[in-house]
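Please keep the sequence and the 3D view side by side as you read.

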Amino acid sequence: MKKRFLSVGLAAVMAASLTACSGSGSADGAKSQSAGEEKSADGTVFKIGGIGPLTGGAAVYGAAVQHGTELAVNEINAAGGVNGYPIEFQFQDDEHDAEKSINAYNTLKDWGMQILVGTTTSAPCVAVADKTAADNMFQITPSGSAVECAANPNVFRVCYSDPDQGAASAAYIGEHKLATKIAVIYDSSDVYSSGIYEKFAQEAPGQGLEVVAAEAFTADSNKDFSTQLQKAKDSGAELVFLPIYYTEASLILQQANTMGFAPQFFGVDGMDGILQVEGFDTSLAEGLMLLTPFAADATDDLTVKFVKSYEEAYGETPIQFAADAYDAVYAVKAALEDAKATPDMSVSDLCDAMKVSMLNIKLDGLTGESMTWTEDGEPHKAPKAVEIVNGAYSAME
């Protein structure tokens with residue numbers, strides 16, 4: 001088994017050769033979901049599974065991944081499938097829990113899954129990646145950003161790794177001169193949050209940034225952030241970096257407002273979803289910045305068509321996780337086509353072929369132009385940032 005090495009490059013220089021198209025999909029909020037149940041002339045299909053939280057505190061992410069995958073699957077099937085074969089898709093809820101994610105994986109295996117688009121969040125993804133490695137099943141995670149998610153040679157990802165997000169955040173803040181004194185509030189019990197923070201802290205000095213406060217919380221103490229916010233305020237921080245999920249971030253913004261603390265807030269992809277938090281006053285997020293490879297208000301043709309189709313199908317504006325999943329499916333399609341794969345191949349043979357083909361493809365997707373992948377499973381594309389303006393995401397330069 002080849003050893004994986006972390007890639008910190010974020011930009012690709014290769015020309016694009018594949019552009020994803022857009023169309024329409026169907027919505028369903030069930031815990032498990034099947035889509036694209038067409039059959040080929042001989043009854044064979046590619047079976048793709050998906051896993052993520054449809055219930056619980058991270059449900060916004062899982063629903064977005066489910067819907068983004070559905071849109072892509074339905075478009076591909078409408079256009080004739082992959083190598084003449086349609087795709088059948090089923091999604092299972094894992095509630096952002098590693099053990100339940102393994103149960104979901106076993107359910108999908110029993111269904112006949114050949115390829116996994118998932119899982120959605122990092123801790124469950126790490127657990128499931130060990131299972132797909134043992135089975136030699138091809139796995140591409142839209143949004144599992146922990147380094148360990150893609151440690152095995154059968155796993156690729158669409159999103160940036162946690163260290164890449166940390167380095168890119170420091171570079172963006174420094175290069176755009178957003179602040180010099182930075183406070184960080186992070187979840188030390190979460191591999192995603194702590195991984196981003198550690199790389200950010202390492203890169204900050206080189207960008208002219210001083211981390212004046214670094215305050216941790218854990219999953220057992222993620223409701224009251226008054227202590228962390230007071231220390232950030234007392235430190236003179238001009239910007240508070242939040243490498244955390246949207247649920248805790250919404251509480252931090254509420255509590256900062258209550259105490260009259262109004263620095264610039266800057267997050268990463270886990271912040272995407274804060275505008276959908278039930279009961280949250282979205283005006284508190286005005287001016288919030290986050291590093292993300294997707295902005296729904298972008299004017300390129302692919303994004304415009306995707307957003308229109310998504311809103312028609314699901315009644316809401318797509319977030320980055322939906323775009324990640326959409327791109328993941330088109331990457332799968334491109335790899336299957338490059339490998340000239342057919343559904344009658346074994347899971348292991350499919351995986352071996354696709355591992356090679358992922359190194360050959362180039363994808364113009366929603367989350368990046370000229371996306372390529374290297375043997376370590378990491379994508380190469382340029383980072384982007386958005387700012388919340390008038391209750392919506394707006395692309396930044």
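Which residues does Ile274 touch, not counting residues up to four places away in sequence? The list consists of Tyr246, Ala249, Ser250, Leu253, Phe280, Leu288, Ile388 and Tyr393, where a contact means heavy atoms within 4.5 Å.

Before going further, a word on what you are looking at. This is a predicted model, in which local features need pLDDT of at least 70 and side-chain atom pairs count only at pLDDT 80 or more, while totals for chains, interfaces and linings use all residues. Residues are numbered from 1 along each chain as its sequence is written, and side-chain values use heavy atoms, with hydrogens and water left out.

The pLDDT, the predictor's confidence in each residue on a scale from 0 to 100, has a mean of 89 for the protein chain, and 89% of the residues reach 70 or more. Over residues 1-33, however, pLDDT stays under 50, and the model has 107 contacts beyond four places in sequence for this stretch. Where pLDDT is low, the predicted coordinates should not be read in detail.

Now for the overall picture. The protein chain comes to ten helices and 15 strands; these are DSSP runs numbered from the N terminus, with helices being H or I of at least four residues and strands E of at least two. Of its 397 residues, 57% count as buried, meaning under 20% relative accessible area, with exposed being over 50% and partly exposed in between (1.4 Å probe, protein chains only). Among contacts between residues at least 6 apart in sequence, 73% join residues at least 24 apart.

Together with Ile140 and Phe306, Ile274 has the most contacts inside the largest nonpolar core, which has 106 residues. Such a core is a set of buried Ala, Val, Leu, Ile, Met, Phe, Trp, Tyr and Cys residues joined through side-chain atoms within 4.5 Å. Helix α9 (residues 320-339) gives the largest share of this core, 13 residues. Apart from it lies another core, of nine residues, including Ala104, Tyr105, Trp111 and Met137.

Aromatic rings come next. Rings of Phe, Tyr and Trp (its six-membered ring) pair if their centres lie within 6.5 Å, and planes under 30 degrees apart count as stacked, over 60 as edge-to-face and the rest as tilted. By this rule there are 17 aromatic pairs. One of them joins Tyr61 and Tyr246 edge-to-face, at 4.8 Å centre to centre and 90° between the planes. Because Tyr61 lies in helix α1 (residues 59-78) and Tyr246 in helix α7 (residues 246-258), this pair ties together parts that are 185 residues apart in sequence. Tyr61 is buried at 1% relative accessibility, and Tyr246 is buried at 4%.

Phe306 and Tyr310 make a tilted pair, 5.7 Å centre to centre with 50° between the planes. Both lie in helix α8 (residues 301-314), four residues apart, about one turn of the helix, and both are buried.

Finally, what about the cysteines? With a disulfide taken as a pair of cysteine sulfur atoms within 2.5 Å, the count is zero. Cys125 has as its nearest cysteine sulfur that of Cys149, 3.6 Å away, and Cys125 is buried with a relative accessible area of 0%.
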